[in-house]
Amino acid sequence: MDAERTKAGANVKQVVPFPVRGTAVPGFVYGTAWKEQETERLVRLALEAGFRGIDTANQRRHYFEAGVGAAVSKAIADGVARRDELFLQTKFTFRGGQDHRLPYDPNADPATQVRQSFASSLEHLQVDTIDSYVLHGPSSRFGLTGVDHAVWQTMEELFTAGKTRFLGVSNVDLDQLEELVAHAVVPPAFVQNRCFARDGWDHDVREFCRAKGIVYQGFSLLTANGRELQHPAFQRLVARVGKTPAQVVFRFAQQVGMLRLTGTTDPVHMREDLDADGFDLTDDDVRLVETIAGAR
Ligand SMILES: NC(=O)c1ccc[n+]([C@@H]2O[C@H](COP(=O)([O-])OP(=O)(O)OC[C@H]3O[C@@H](n4cnc5c(N)ncnc54)[C@H](OP(=O)(O)O)[C@@H]3O)[C@@H](O)[C@H]2O)c1
(Lines give C-alpha, C1' and ligand atoms only; values in the text may rest on other atoms or scores of the structure.)
Protein backbone atom coordinates (compact mmCIF):
# COMPACT_ATOMS: atom_id res chain seq x y z
CA MET A 1 0.00 0.00 0.00
CA ASP A 2 1.81 3.12 -1.12
CA ALA A 3 -0.31 5.93 0.26
CA GLU A 4 2.12 8.58 -1.01
CA ARG A 5 1.27 7.76 -4.60
CA THR A 6 -2.42 8.50 -4.39
CA LYS A 7 -3.76 12.04 -4.11
CA ALA A 8 -6.03 11.29 -1.17
CA GLY A 9 -3.66 8.69 0.23
CA ALA A 10 -1.44 11.02 2.23
CA ASN A 11 -4.26 11.91 4.65
CA VAL A 12 -6.02 8.61 5.06
CA LYS A 13 -5.53 5.75 7.42
CA GLN A 14 -4.06 2.75 5.61
CA VAL A 15 -5.10 -0.69 6.80
CA VAL A 16 -2.48 -3.17 7.95
CA PRO A 17 -2.07 -5.69 5.07
CA PHE A 18 -3.31 -9.23 5.65
CA PRO A 19 -1.17 -12.18 4.44
CA VAL A 20 -2.78 -14.56 1.93
CA ARG A 21 -0.88 -17.32 0.12
CA GLY A 22 2.45 -15.55 -0.05
CA THR A 23 0.97 -12.16 -0.92
CA ALA A 24 -1.17 -9.65 0.98
CA VAL A 25 -4.63 -8.12 0.79
CA PRO A 26 -6.04 -5.14 2.72
CA GLY A 27 -6.84 -6.13 6.30
CA PHE A 28 -10.34 -4.63 6.35
CA VAL A 29 -12.94 -5.11 3.62
CA TYR A 30 -15.79 -2.69 2.96
CA GLY A 31 -19.07 -4.52 2.33
CA THR A 32 -21.58 -3.11 -0.15
CA ALA A 33 -24.77 -5.09 0.54
CA TRP A 34 -28.11 -3.32 0.96
CA LYS A 35 -26.85 0.11 -0.15
CA GLU A 36 -28.92 0.37 -3.33
CA GLN A 37 -28.72 3.87 -4.88
CA GLU A 38 -26.30 4.94 -2.13
CA THR A 39 -23.75 2.33 -3.21
CA GLU A 40 -21.61 4.59 -5.39
CA ARG A 41 -21.51 7.43 -2.84
CA LEU A 42 -20.69 5.12 0.08
CA VAL A 43 -18.00 3.17 -1.77
CA ARG A 44 -16.37 6.47 -2.72
CA LEU A 45 -16.48 7.57 0.95
CA ALA A 46 -15.00 4.24 2.02
CA LEU A 47 -12.15 4.56 -0.49
CA GLU A 48 -11.51 8.13 0.65
CA ALA A 49 -11.48 6.95 4.27
CA GLY A 50 -8.77 4.40 3.41
CA PHE A 51 -10.54 1.12 2.65
CA ARG A 52 -8.83 -0.74 -0.18
CA GLY A 53 -10.81 -3.99 0.01
CA ILE A 54 -14.35 -3.98 -1.45
CA ASP A 55 -16.85 -6.86 -1.26
CA THR A 56 -19.83 -7.12 -3.58
CA ALA A 57 -21.86 -9.74 -5.49
CA ASN A 58 -23.58 -10.09 -8.85
CA GLN A 59 -26.85 -10.45 -6.96
CA ARG A 60 -29.00 -7.40 -7.69
CA ARG A 61 -31.44 -8.43 -4.95
CA HIS A 62 -28.94 -7.37 -2.23
CA TYR A 63 -26.09 -5.60 -4.06
CA PHE A 64 -25.72 -2.92 -6.75
CA GLU A 65 -22.48 -4.13 -8.32
CA ALA A 66 -22.55 -1.53 -11.11
CA GLY A 67 -22.65 1.20 -8.44
CA VAL A 68 -19.50 -0.28 -6.91
CA GLY A 69 -17.85 -0.24 -10.36
CA ALA A 70 -18.82 3.39 -10.95
CA ALA A 71 -17.28 4.43 -7.61
CA VAL A 72 -14.11 2.40 -8.19
CA SER A 73 -13.49 3.64 -11.72
CA LYS A 74 -14.04 7.29 -10.77
CA ALA A 75 -11.83 6.92 -7.67
CA ILE A 76 -9.05 5.49 -9.85
CA ALA A 77 -9.50 8.27 -12.43
CA ASP A 78 -9.42 10.89 -9.65
CA GLY A 79 -6.24 9.43 -8.11
CA VAL A 80 -7.95 8.38 -4.86
CA ALA A 81 -6.71 4.80 -5.29
CA ARG A 82 -4.80 2.71 -7.79
CA ARG A 83 -6.25 -0.49 -9.24
CA ASP A 84 -3.18 -2.45 -8.09
CA GLU A 85 -3.75 -1.55 -4.43
CA LEU A 86 -7.45 -2.52 -4.52
CA PHE A 87 -8.84 -5.89 -3.54
CA LEU A 88 -12.10 -6.37 -5.45
CA GLN A 89 -14.17 -9.34 -4.44
CA THR A 90 -17.44 -10.44 -6.01
CA LYS A 91 -19.62 -13.54 -6.02
CA PHE A 92 -21.55 -16.04 -8.10
CA THR A 93 -25.05 -16.50 -6.67
CA PHE A 94 -27.34 -19.41 -7.48
CA ARG A 95 -30.86 -18.82 -8.86
CA GLY A 96 -32.39 -19.41 -5.41
CA GLY A 97 -30.58 -16.37 -3.98
CA GLN A 98 -31.53 -14.06 -6.84
CA ASP A 99 -34.66 -12.11 -7.73
CA HIS A 100 -35.84 -11.58 -11.33
CA ARG A 101 -32.76 -9.43 -12.17
CA LEU A 102 -30.51 -12.35 -13.13
CA PRO A 103 -26.95 -11.95 -14.41
CA TYR A 104 -27.26 -15.17 -16.44
CA ASP A 105 -29.65 -17.26 -18.50
CA PRO A 106 -31.69 -19.30 -15.98
CA ASN A 107 -32.01 -22.11 -18.52
CA ALA A 108 -28.27 -22.42 -19.17
CA ASP A 109 -26.15 -25.10 -17.54
CA PRO A 110 -24.28 -24.15 -14.31
CA ALA A 111 -20.90 -23.69 -16.02
CA THR A 112 -22.42 -21.27 -18.56
CA GLN A 113 -24.18 -19.38 -15.77
CA VAL A 114 -20.88 -18.90 -13.92
CA ARG A 115 -19.16 -17.63 -17.09
CA GLN A 116 -22.05 -15.26 -17.86
CA SER A 117 -22.21 -13.96 -14.29
CA PHE A 118 -18.45 -13.45 -14.18
CA ALA A 119 -18.42 -11.57 -17.53
CA SER A 120 -21.25 -9.37 -16.25
CA SER A 121 -19.28 -8.67 -13.03
CA LEU A 122 -16.26 -7.53 -15.05
CA GLU A 123 -18.55 -5.18 -16.97
CA HIS A 124 -20.21 -3.84 -13.81
CA LEU A 125 -16.89 -3.34 -12.06
CA GLN A 126 -15.20 -1.93 -15.18
CA VAL A 127 -12.13 -4.13 -14.71
CA ASP A 128 -10.34 -6.91 -16.63
CA THR A 129 -9.72 -9.17 -13.65
CA ILE A 130 -11.19 -9.77 -10.19
CA ASP A 131 -9.10 -10.26 -7.06
CA SER A 132 -11.38 -12.77 -5.38
CA TYR A 133 -14.29 -14.72 -6.87
CA VAL A 134 -16.56 -16.29 -4.30
CA LEU A 135 -19.27 -18.95 -4.48
CA HIS A 136 -21.99 -17.10 -2.54
CA GLY A 137 -23.23 -20.31 -0.98
CA PRO A 138 -23.76 -23.99 -1.84
CA SER A 139 -26.93 -24.91 -3.70
CA SER A 140 -28.40 -26.82 -0.76
CA ARG A 141 -28.43 -26.41 3.00
CA PHE A 142 -26.42 -29.56 3.74
CA GLY A 143 -23.56 -31.11 1.83
CA LEU A 144 -22.47 -30.30 -1.72
CA THR A 145 -24.26 -31.33 -4.90
CA GLY A 146 -22.98 -32.11 -8.38
CA VAL A 147 -24.04 -28.61 -9.36
CA ASP A 148 -21.81 -27.10 -6.64
CA HIS A 149 -18.86 -29.12 -7.93
CA ALA A 150 -19.57 -28.08 -11.54
CA VAL A 151 -19.71 -24.43 -10.48
CA TRP A 152 -16.46 -24.73 -8.53
CA GLN A 153 -14.75 -26.37 -11.50
CA THR A 154 -15.78 -23.44 -13.70
CA MET A 155 -14.48 -21.02 -11.09
CA GLU A 156 -11.20 -22.97 -11.14
CA GLU A 157 -11.05 -22.42 -14.92
CA LEU A 158 -11.41 -18.67 -14.35
CA PHE A 159 -8.59 -18.85 -11.80
CA THR A 160 -6.34 -20.86 -14.13
CA ALA A 161 -7.03 -18.38 -16.95
CA GLY A 162 -5.79 -15.56 -14.68
CA LYS A 163 -9.22 -13.89 -14.51
CA THR A 164 -9.27 -13.97 -10.69
CA ARG A 165 -6.34 -13.99 -8.25
CA PHE A 166 -8.18 -16.04 -5.61
CA LEU A 167 -11.24 -18.23 -5.18
CA GLY A 168 -13.49 -18.23 -2.14
CA VAL A 169 -16.64 -19.79 -0.75
CA SER A 170 -19.30 -18.31 1.51
CA ASN A 171 -22.04 -19.47 3.86
CA VAL A 172 -20.57 -22.93 4.41
CA ASP A 173 -20.63 -25.24 7.39
CA LEU A 174 -17.64 -27.36 8.31
CA ASP A 175 -18.85 -30.47 6.42
CA GLN A 176 -19.38 -28.52 3.21
CA LEU A 177 -16.00 -26.84 3.51
CA GLU A 178 -14.21 -30.15 4.16
CA GLU A 179 -15.90 -31.69 1.14
CA LEU A 180 -15.00 -28.76 -1.10
CA VAL A 181 -11.36 -28.79 0.01
CA ALA A 182 -11.18 -32.58 -0.48
CA HIS A 183 -12.42 -32.32 -4.09
CA ALA A 184 -10.99 -29.01 -5.26
CA VAL A 185 -8.03 -28.76 -7.62
CA VAL A 186 -7.78 -25.08 -6.65
CA PRO A 187 -8.80 -24.91 -2.98
CA PRO A 188 -10.52 -21.79 -1.65
CA ALA A 189 -8.21 -19.04 -0.40
CA PHE A 190 -11.15 -17.49 1.51
CA VAL A 191 -14.16 -18.56 3.50
CA GLN A 192 -16.69 -15.80 4.12
CA ASN A 193 -19.17 -16.59 6.89
CA ARG A 194 -21.56 -14.85 9.27
CA CYS A 195 -19.84 -14.89 12.61
CA PHE A 196 -21.92 -15.66 15.71
CA ALA A 197 -20.33 -15.22 19.13
CA ARG A 198 -22.61 -18.01 20.38
CA ASP A 199 -20.70 -20.44 18.10
CA GLY A 200 -17.34 -19.24 19.44
CA TRP A 201 -17.30 -16.85 16.46
CA ASP A 202 -17.54 -19.82 14.03
CA HIS A 203 -14.74 -21.53 15.96
CA ASP A 204 -14.70 -24.90 14.15
CA VAL A 205 -14.72 -23.43 10.64
CA ARG A 206 -12.01 -20.94 11.67
CA GLU A 207 -9.85 -23.76 13.06
CA PHE A 208 -10.21 -25.77 9.85
CA CYS A 209 -9.31 -22.66 7.83
CA ARG A 210 -6.24 -22.07 9.98
CA ALA A 211 -5.08 -25.68 9.48
CA LYS A 212 -5.54 -25.44 5.69
CA GLY A 213 -4.09 -21.96 5.16
CA ILE A 214 -7.50 -20.54 4.22
CA VAL A 215 -8.26 -16.95 5.26
CA TYR A 216 -11.49 -16.62 7.20
CA GLN A 217 -13.57 -13.54 6.38
CA GLY A 218 -16.09 -12.66 9.10
CA PHE A 219 -19.24 -10.64 8.49
CA SER A 220 -22.08 -9.44 10.74
CA LEU A 221 -19.50 -9.26 13.52
CA LEU A 222 -21.58 -6.52 15.17
CA THR A 223 -25.11 -7.17 13.96
CA ALA A 224 -25.17 -10.94 14.70
CA ASN A 225 -23.95 -10.42 18.27
CA GLY A 226 -26.04 -7.65 19.84
CA ARG A 227 -26.88 -9.63 22.98
CA GLU A 228 -23.30 -10.80 23.63
CA LEU A 229 -21.95 -7.26 23.22
CA GLN A 230 -24.24 -6.14 26.07
CA HIS A 231 -22.57 -8.63 28.42
CA PRO A 232 -21.18 -6.85 31.52
CA ALA A 233 -17.76 -8.49 31.08
CA PHE A 234 -17.54 -7.18 27.50
CA GLN A 235 -18.70 -3.74 28.62
CA ARG A 236 -16.00 -3.70 31.34
CA LEU A 237 -13.37 -4.58 28.73
CA VAL A 238 -14.58 -1.78 26.44
CA ALA A 239 -14.41 0.72 29.33
CA ARG A 240 -10.92 -0.44 30.34
CA VAL A 241 -9.36 -0.15 26.87
CA GLY A 242 -11.16 3.12 26.14
CA LYS A 243 -12.36 2.10 22.66
CA THR A 244 -15.83 1.69 21.17
CA PRO A 245 -17.53 -1.73 21.34
CA ALA A 246 -17.19 -1.99 17.53
CA GLN A 247 -13.46 -1.32 17.73
CA VAL A 248 -12.99 -3.99 20.40
CA VAL A 249 -14.86 -6.54 18.26
CA PHE A 250 -12.88 -5.66 15.14
CA ARG A 251 -9.56 -5.74 17.00
CA PHE A 252 -10.48 -9.10 18.55
CA ALA A 253 -11.35 -10.43 15.10
CA GLN A 254 -8.04 -9.25 13.70
CA GLN A 255 -6.07 -10.77 16.59
CA VAL A 256 -7.70 -14.19 16.08
CA GLY A 257 -6.76 -14.06 12.40
CA MET A 258 -9.94 -12.94 10.65
CA LEU A 259 -10.12 -10.73 7.63
CA ARG A 260 -12.92 -8.41 8.73
CA LEU A 261 -15.86 -6.92 6.85
CA THR A 262 -17.80 -3.83 7.78
CA GLY A 263 -20.76 -2.38 5.95
CA THR A 264 -21.02 0.88 7.86
CA THR A 265 -22.78 3.79 6.15
CA ASP A 266 -21.31 6.38 8.53
CA PRO A 267 -18.01 8.13 7.64
CA VAL A 268 -17.18 8.47 11.35
CA HIS A 269 -17.65 4.72 11.82
CA MET A 270 -15.55 4.08 8.70
CA ARG A 271 -12.63 5.86 10.34
CA GLU A 272 -13.29 4.24 13.73
CA ASP A 273 -13.34 0.81 12.11
CA LEU A 274 -10.02 1.46 10.32
CA ASP A 275 -8.59 2.78 13.61
CA ALA A 276 -9.43 -0.50 15.35
CA ASP A 277 -5.89 -1.70 14.60
CA GLY A 278 -4.36 1.01 16.80
CA PHE A 279 -4.40 -0.87 20.12
CA ASP A 280 -3.77 -4.37 21.46
CA LEU A 281 -5.94 -6.76 23.43
CA THR A 282 -4.15 -9.08 25.85
CA ASP A 283 -4.42 -12.86 25.44
CA ASP A 284 -6.89 -12.87 28.35
CA ASP A 285 -9.00 -10.19 26.64
CA VAL A 286 -9.05 -12.20 23.41
CA ARG A 287 -10.09 -15.32 25.35
CA LEU A 288 -12.85 -13.38 27.09
CA VAL A 289 -14.35 -12.11 23.82
CA GLU A 290 -13.98 -15.51 22.14
CA THR A 291 -15.99 -17.14 24.93
CA ILE A 292 -18.26 -14.19 25.78
CA ALA A 293 -21.44 -16.13 24.93
CA GLY A 294 -20.72 -18.50 27.83
CA ALA A 295 -19.16 -15.94 30.19
CA ARG A 296 -20.73 -15.39 33.62
N1 LIG B 1 -21.66 -13.68 1.92
C2 LIG B 1 -22.83 -13.30 2.38
O3 LIG B 1 -23.84 -14.01 2.27
C4 LIG B 1 -22.96 -11.98 3.09
C5 LIG B 1 -24.07 -11.72 3.89
C6 LIG B 1 -24.13 -10.51 4.56
C7 LIG B 1 -23.12 -9.59 4.42
N8 LIG B 1 -22.05 -9.85 3.60
C9 LIG B 1 -21.00 -8.84 3.36
O10 LIG B 1 -20.58 -8.30 4.57
C11 LIG B 1 -20.75 -6.89 4.53
C12 LIG B 1 -20.95 -6.36 5.91
O13 LIG B 1 -22.16 -6.84 6.41
P14 LIG B 1 -22.39 -6.86 7.96
O15 LIG B 1 -23.60 -7.71 8.17
O16 LIG B 1 -21.12 -7.21 8.65
O17 LIG B 1 -22.60 -5.37 8.30
P18 LIG B 1 -23.83 -4.41 7.95
O19 LIG B 1 -25.11 -5.16 7.91
O20 LIG B 1 -23.48 -3.59 6.80
O21 LIG B 1 -23.96 -3.56 9.24
C22 LIG B 1 -22.94 -3.05 9.99
C23 LIG B 1 -23.66 -2.43 11.16
O24 LIG B 1 -22.72 -2.09 12.12
C25 LIG B 1 -22.80 -0.71 12.36
N26 LIG B 1 -21.41 -0.23 12.55
C27 LIG B 1 -20.31 -0.38 11.78
N28 LIG B 1 -19.23 0.18 12.32
C29 LIG B 1 -19.67 0.71 13.48
C30 LIG B 1 -19.04 1.42 14.48
N31 LIG B 1 -17.74 1.73 14.41
N32 LIG B 1 -19.78 1.78 15.53
C33 LIG B 1 -21.09 1.48 15.60
N34 LIG B 1 -21.76 0.82 14.67
C35 LIG B 1 -21.05 0.44 13.60
C36 LIG B 1 -23.45 -0.09 11.15
O37 LIG B 1 -24.15 1.07 11.47
P38 LIG B 1 -23.80 2.44 10.68
O39 LIG B 1 -24.13 2.23 9.24
O40 LIG B 1 -24.66 3.44 11.34
O41 LIG B 1 -22.34 2.64 10.94
C42 LIG B 1 -24.42 -1.19 10.73
O43 LIG B 1 -25.63 -1.13 11.44
C44 LIG B 1 -21.92 -6.70 3.58
O45 LIG B 1 -22.01 -5.40 3.09
C46 LIG B 1 -21.57 -7.70 2.53
O47 LIG B 1 -20.56 -7.17 1.69
C48 LIG B 1 -21.94 -11.04 2.95
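User: How do the axes of helix α7 and helix α8 cross?

Analyst: Two packed helices are described by the angle between their axes and the distance between the axes. Here, α7 (residues 232-241) and α8 (residues 245-255) have axes that come within 9 Å and cross at roughly 95 degrees. That makes α7 roughly perpendicular to α8 (65 to 115 degrees; under 35 is roughly parallel, over 145 roughly antiparallel, the rest oblique). By the way, this is a predicted model, where local features need pLDDT of at least 70 and side-chain atom pairs count only at pLDDT 80 or more, while totals for chains, interfaces and linings use all residues. Residues are numbered from 1 along each chain as its sequence is written, and side-chain values use heavy atoms, with hydrogens and water left out.

User: Which residues of α7 and α8 meet?

Analyst: Look for contacts, meaning heavy atoms within 4.5 Å. Phe234, Leu237, Val238 and Val241 come from α7, and they meet Pro245, Val248 and Val249 of α8. The tally for this contact is 7 nonpolar, no polar and no charged.

User: And at what angle do the axes of α5 and α6 cross?

Analyst: Roughly 20 degrees, with the axes of α5 (residues 174-183) and α6 (residues 203-212) coming within 9 Å. That makes α5 roughly parallel to α6. On the α5 side, the contact uses Leu174, Leu177, Glu178 and Val181, while α6 brings Asp204, Val205, Phe208, Cys209 and Lys212. This contact splits into 6 nonpolar, no polar and 3 charged residues.

User: What is His136 in contact with, leaving aside its neighbours within four places in sequence?

Analyst: The list is Ala57, Gln59, Tyr63, Lys91, Phe92, Thr93, Ser170 and Asn171. Take Ser170: 34 residues apart from His136 along the chain, yet their C-alpha atoms are separated by 5.0 Å.

Definitions and conventions: Axes are lines fitted to C-alpha atoms, for helices over the stretch in contact, and angles run from 0 to 180 degrees between N-to-C directions. Helices (H or I, at least four residues) and strands (E, at least two) are DSSP runs, numbered from the N terminus. Ala, Val, Leu, Ile, Met, Phe, Trp, Tyr, Cys and Pro count as nonpolar, Asp, Glu, Lys and Arg as charged, and the others, Gly among them, as polar.
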